[in-house]
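Welcome! Here is a short tour for anyone meeting this structure for the first time.

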Amino acid sequence: MSSKSSRWLAHPWRMSALAVALGSCLAGNALAQSNASGAIFGRVDAAQGTVVHIENPQTGVSRDVSVADDGRYRAPSLPVGVYKVTVMRDGQVVDTRDTVQVNIGTSTEVSFSAAAASSAKSLEGVNVVASAIPSIDVSSVDTRTVLNSDQLQRLPLPQSVNAAVLLAPGAVNADARYGNAVSLGGSSAAENQYYVNGFPVTNPLTGLGATQLPFNAIDQEQVFTGGYGAEYGRSTGGVVALVTKRGTNQWQGGAQVLYTPAGLRETEQATYRPGDGAQITGRDKHSAKLWETTYSAYIGGPLIKDKLFFFGSAEQIKSENNTYTLGTNVTRSYNTNETHRWLGKIDWNITDSHILEFTGMSDTASTYADQYVYDGVHDIQYNKKGWRSQKNQGTAGSSPGGQVYIAQYTGYVGDLTIDALYGKEHTDHVDITSGSDCIYFQDNRDSVAPSQRLQGCNISSGIAAPGAYDETNGWHLNLSYRLGNHDLRAGVDHYRVESLNGSDTSGGVGWFYFDNPPSGVIESRGNLPVPAGHTGIVERYVFRAIGQAKVEQEAQYLEDNWQISDRWLARIGLRNEQFSNLNADDEVFAKQRHQLAPRLGVSWDVLGDSSLKVYANAGRYHLAIPNNVAVRGASGSLYETQWGTFDGAPNTNGTPPNWTPIENTVYANGADGTPPDPRSISARNLKAYYQDEFILGFDKQLSTSWTLGAKVRYRKLRSIIDDWCDDRPFVKWAADHGVDYADPSPTCYIINPGASNRFAVDLDGDGKLEDIRLSANDIGLPEAKRKYYALDAYLEHRFDNKWYGRLDYTFSRSYGNSEGLLKSDIGQLDPSVTQDWDHKELMIGSNGPEANDRTHQIRAYGYYQITDEWLASANILIQSGRPKNCIGVYPGDIPSEINYGNSYFYCKGQLTARGSQGRLPWQYRLDLGVQYRPAFANHNLAFTMTVVNVFNKQTVLSMNELGETGSGAPNLSYSQPLSYQTPRYFQFGVRYDFQM
């Protein structure tokens with residue numbers, strides 16, 4: 001430490017624990033650790049020549065830190081692990097502390113002076129010792145939850161990243177149609193960011209989900225739910241940072257098998273259609289039974305002692321299940337699922353001041369399904385329809401999979417710390433069916449028995465685009481430097497995400513056969529007359545939306561962690577982001593430049609002994625448009641349908657005999673396959689998607705074991721991006737300006753809903769773009785609204801070698817007229833191109849409690865070490881239900897080309913505002929676990945049993961919210977459950993860890 005820094009630290013008053021934590025090692029706070037490191041700091045009885053030697057005996061990483069004149073020292077940006085801290089004077093050992101744990105994003109205090117013990121209480125709150133989060137970390141102003149690998153093994157959690165994320169206050173399961181996704185802080189599930197060793201692994205196409213790693217490769221998992229600093233961006237939900245394990249100087253390994261038997265898995269309860277009581281899904285022989293087995297192993301150790309290390313882990317998950325519904329002419333599917341994951345890591349300590357890390361990982365999920373025509377009412381299985389093979393498709397795209405490669409350098413040059421990273425991820429998506437090369441058709445004639453209906457050679461109307469892939473590559477550079485009472489941090493990053501995706505009609509064309517309607521007209525086509533004297537009607541269907549898209553994401557930030565006084569810390573940051581969306585020809589169709597995001601946080605060590613902290617935070621957070629927008633909006637989509645008649649039996653290849661069209665080809669939403677002009681896709685003055693957040697909280701240490709705290713959070717969405725498909729304002733503009741509107745058909749544009757937008761559109765077809773300015777009133781959409789406020793309170797008992805426990809209560813409200821990137825009301829997975837803002841009538845009555853709103857949440861989890869051999873654990877969730885809607889037909893006049901049928905907040909002709917139909921029931925869940933580590937195996941062998949949903953509560957989590965059919969008739973399926981709590985199941989495991 002420089003003499004200037006030492007003079008500043010000398011103070012005639014007693015320095016508080018906050019001053020110890022920050023005046024000595026502010027560069028070691030959570031946001032200065034580059035997502036994967038921590039810090040050690042403290043006080044020593046100073047004397048000339050005193051040095052603190054910090055060494056990780058397991059990896060050989062060591063640093064010598066000089067002690068300042070006032071006895072303070074700091075060692076920032078240390079890789080997570082267990083260290084030995086030694087005070088050296090004139091080359092002689094004065095004192096030593098062993099087993100000092102350094103965890104991700106936290107600072108660990110190690111003091112040796114008698115003065116420190118008497119004048120400043122030990123910062124136990126900063127040090128994490130086998131507890132979920134620090135008791136009180138006065139050096140932080142954010143809100144986060146940290147879990148290490150030991151806790152992930154002890155708690156009765158499914159072995160997935162998001163299972164641990166759900167322990168964070170304010171986290172809720174997203175709609176089941178989005179897979180195993182999580183909503184944080186009232187945001188949609190597509191607004192979170194996931195990192196592995198500092199590299200982003202979030203799904204680049206939709207923002208939903210992330211590439212997974214072997215569960216036993218996770219060293220620590222950190223979840224930021226608010227207040228994160230300027231280093232982080234591109235998230236308006238939360239940030240999940242994962243740090244992987246690494247090799248040490250001792251070879252260690254292990255293997256594990258987890259088995260979930262189908263025989264001990266309870267059956268999901270039967271579902272009945274509310275309108276007529278018809279059974280839709282069944283129990284017993286009609287239920288979907290699932291078994292699952294997970295095999296995993298890991299090994300790590302030194303390739304060169306103290307210099308070069310290797311860690312590797314692999315995981316295979318195999319399961320089988322069958323799925324179907326009740327009814328006639330439905331599909332029964334026999335599914336075989338396999339997931340393969342591996343991770344390899346090399347750590348090279350070139351010197352004590354220069355460290356290189358190389359990480360490679362793979363996540364591949366595949367499913368194979370045989371499908372049969374099935375009459376579930378009579379339990380009769382007919383002919384095989386076909387098969388489907390998918391790879392890295394995931395549930396609703398929530399598990400993108402992929403291969404990831406990361407290289408990272410950390411350097412210590414005096415008071416300067418350098419963190420540089422480059423990474424790349426590539427994912428191939430494969431979707432093949434037995435009908436990929438044959439015509440798709442469905443025989444839906446009620447006049448023909450299911451066993452007599454013609455069967456096609458395929459099982460899906462659409463398949464993923466051939467050659468589909470996602471790719472992310474980029475780099476970041478972060479610098480940290482201490483200057484007097486300021487710890488300065490600066491960084492830049494650049495990432496390019498690219499996707500080739502979309503869908504195609506299986507076989508190129510689809511045919512849908514029906515009996516002649518009794519009314520003689522096709523109601524869905526505006527009462528289209530059907531000529532008499534024909535066998536039936538058939539609809540020709542072609543849908544093709546395949547595109548290549550790219551997003552360029554750049555950011556720069558500056559941050560100052562300023563020790564204002566011995567008890568006050570301020571964190572002042574500014575982030576600047578730039579987003580550019582490009583089509584397949586690398587033409588920019590939407591961009592936002594200079595998106596400034598200020599961040600401000602303060603922490604007050606009230607009593608000066610780290611036993612009571614009051615903190616506040618304010619910040620702005622931006623979100624980039626995902627690639628899905630360009631795939632949908634910037635590429636040429638073809639969506640054509642045409643009704644006709646046929647005579648006789650359908651041909652064996654699915655084509656209709658004597659097909660006669662009774663209408664011209666209809667292009668839905670004008671999708672005739674022509675790529676749009678990139679200059680006209682989005683508004684020219686498009687603002688970024690962003691929100692503001694404010695936090696005020698406190699933490700109070702009651703004793704060495706107990707801590708309580710509370711915080712209030714408020715989030716407000718300031719700007720949103722979505723598509724708008726209403727040409728009526730353009731028709732009016734053309735009339736007002738004497739322009740001949742050549743083709744007044746619906747076209748979709750990317751805009752900022754509720755704001756004025758400027759367009760470049762060729763209305764008259766002369767090849768020149770008109771400069772069109774439309775005010776918010778011209779467009780007719782309301783101001784975008786999404787607000788979230790919450791009170792989070794907790795009580796925590798730190799692990800004392802006997803038990804650990806934590807209780808959280810959250811009261812929250814999430815309300816507005818937009819969920820964000822997704823639309824859970826109908827399970828729509830089209831980020832930033834939802835149907836919400838397509839025209840103004842869709843937004844009438846849309847303001848109210850959002851789909852992710854859960855007013856009350858109670859969480860309790862922990863574990864108890866009964867004996868050296870036995871450990872018991874529990875996880876409890878009590879949560880109020882989701883708001884209910886009734887969505888139906890708009891009672892007024894809407895042009896037929898933009899009338900979306902049953903998509904409006906109206907039922908029976910009356911306004912039914914969002915959330916006005918009450919709530920789904922409360923959810924109650926208890927998970928229990930027990931672990932036995934016999935002494936005869938030196939506790940290296942473990943037998944485990946977990947029971948999920950002990951009382952087999954099967955509360956409805958989501959329902960069909962369409963109160964009417966497209967024609968306005970009552971929907972018999974309205975309020976029909978779509979998903980339930982997972983039925984009770986047992987999981988048994990055996991694990992063996994060894995050292996060599």
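The briefing below goes from the overall build to the nonpolar cores.

This is a predicted model of a chain with eight helices and 59 strands. The radius of gyration is 30 Å, close to the 30 Å that the globule rule gives for 996 residues, so the chain is as compact as a globular protein of that length.

**Overall build**
- Along the principal axes, the C-alpha atoms fill a box of roughly 105 × 75 × 50 Å.
- Of the contacts with a separation of 6 or more, 71% are between residues 24 or more positions apart.

**Surface and charge**
- Buried residues account for 59% of the 996 residues.
- The accessible surface is about 36900 Å², and carbon and sulfur atoms contribute 54% of that area.
- The chain carries 86 positive and 104 negative charges, whose mean positions lie 5 Å apart.

- In soluble globular proteins, nonpolar side chains tend to be buried together.
- Here the largest nonpolar core has 44 residues, and W724, F730, F759, L763, I772 and L774 have the most contacts inside it.
- At least two residues of this core come from each of β35 (588-605), α6 (628-633), α7 (728-736), β43 (749-751), β44 (757-761) and β45 (770-774).
- Looking beyond its neighbours within four places in sequence, L763 touches residues including F730, W733, V739, Y741 and I772, with contact meaning heavy atoms within 4.5 Å.
- Another core, of 39 residues, lies apart from the largest one; Y194, V201, L242 and M361 are among its members.

Terms used
Residues are numbered from 1 along each chain as its sequence is written. This is a predicted model: local features need pLDDT of at least 70, side-chain atom pairs count only at pLDDT 80 or more; totals for chains, interfaces and linings use all residues. Side-chain values use heavy atoms; hydrogens and water are left out. Helices (H or I, at least four residues) and strands (E, at least two) are DSSP runs, numbered from the N terminus. The radius of gyration is taken over C-alpha atoms; the globule rule is 2.2 Å times the number of residues to the power 0.38. Buried means under 20% relative accessible area, exposed over 50%, partly exposed in between (1.4 Å probe, protein chains only). Accessible areas come from the Shrake-Rupley method with a 1.4 Å probe; for residues, only the protein chains shown count as cover. Lys and Arg count as positive and Asp and Glu as negative; His and the chain ends are not counted. The place of a charge is taken as NZ of Lys, CZ of Arg, CG of Asp or CD of Glu. A nonpolar core is a set of buried Ala, Val, Leu, Ile, Met, Phe, Trp, Tyr and Cys residues joined through side-chain atoms within 4.5 Å.
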